Amino acid sequence: MLTESDLEKVSNLAKIKIEPAEKAHFLEKLNQVFGWIDQLSKIDVSQIDINNLKDMASTPERADEPYMNNTREEVLSNTKFKKFDMFCVPKVVE
């Protein structure tokens, strides 16, 4: 179970500011996610053969054709941190 100090550590690492009024909401939602992960870890998958790919034979595939569905202007319109038609990000390596 995630504690408030764990939430502060994670938000600090992710560089996400969480307001004090929102902490309880985030703790509840994150603990729900961890509960679901715990449920998934309890499923017995020992009898499943991961090398059995017969179901993959009927999976439809789309053509691997490159296409551009966004323009540079559209993509960069989602940020206020841009320079020279590129995203600006904080330095992470010293």
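**Checking the labels on a predicted model**

The protein has three helices and two strands, in the order α-α-α-β-β from the N terminus; helices (H or I, at least four residues) and strands (E, at least two) are DSSP runs, numbered from the N terminus. This is a predicted model, in which local features need pLDDT of at least 70, side-chain atom pairs count only at pLDDT 80 or more, and totals for chains, interfaces and linings use all residues. Residues are numbered from 1 along each chain as its sequence is written, and side-chain values use heavy atoms, with hydrogens and water left out.

Colleague: Why is Lys23 called buried?

Modeller: Buried means under 20% relative accessible area, exposed over 50%, partly exposed in between (1.4 Å probe, protein chains only). Lys23 has 18%, so Lys23 is buried.

Colleague: What is Lys23 in contact with, leaving aside its neighbours within four places in sequence?

Modeller: With heavy atoms within 4.5 Å as the criterion, Lys23 is in contact with Glu4, Leu7, Glu8 and Ile18.

Colleague: What makes Lys23 and Glu8 a salt bridge?

Modeller: The term requires a side-chain nitrogen of Lys or Arg within 4 Å of a carboxyl oxygen of Asp or Glu. For Lys23 and Glu8 the closest N and O atoms are 3.1 Å apart. The pair links distant parts of the chain, with Lys23 in helix H2 and Glu8 in helix H1, 15 residues apart. Glu8 counts as partly exposed because its relative accessible area is 38%.

Colleague: What is the N to O distance between Lys23 and Glu4?

Modeller: It is 4.0 Å, and their side chains meet in a salt bridge. Lys23 lies in helix H2 and Glu4 in helix H1 (residues 4-13), so this pair ties together parts that are 19 residues apart in sequence.

Colleague: Why is Lys17 called exposed?

Modeller: Lys17 has a relative accessible area of 70%, so the label is exposed. Its salt-bridge partner is Glu19, with closest N and O atoms 4.0 Å apart. Salt bridges that share partners also join Glu4, Glu8 and Lys23 into one network.

Colleague: How many salt bridges does a search of the whole structure find?

Modeller: The search finds four.

Colleague: How does the radius of gyration of the protein compare with that of a compact globule of 94 residues?

Modeller: The globule would have a value near 12 Å, but the protein has 22 Å. The radius is taken over C-alpha atoms, and the globule rule is 2.2 Å times the number of residues to the power 0.38. The C-alpha trace spans about 50 × 45 × 30 Å along its principal axes, and buried residues make up 10% of the 94 residues.
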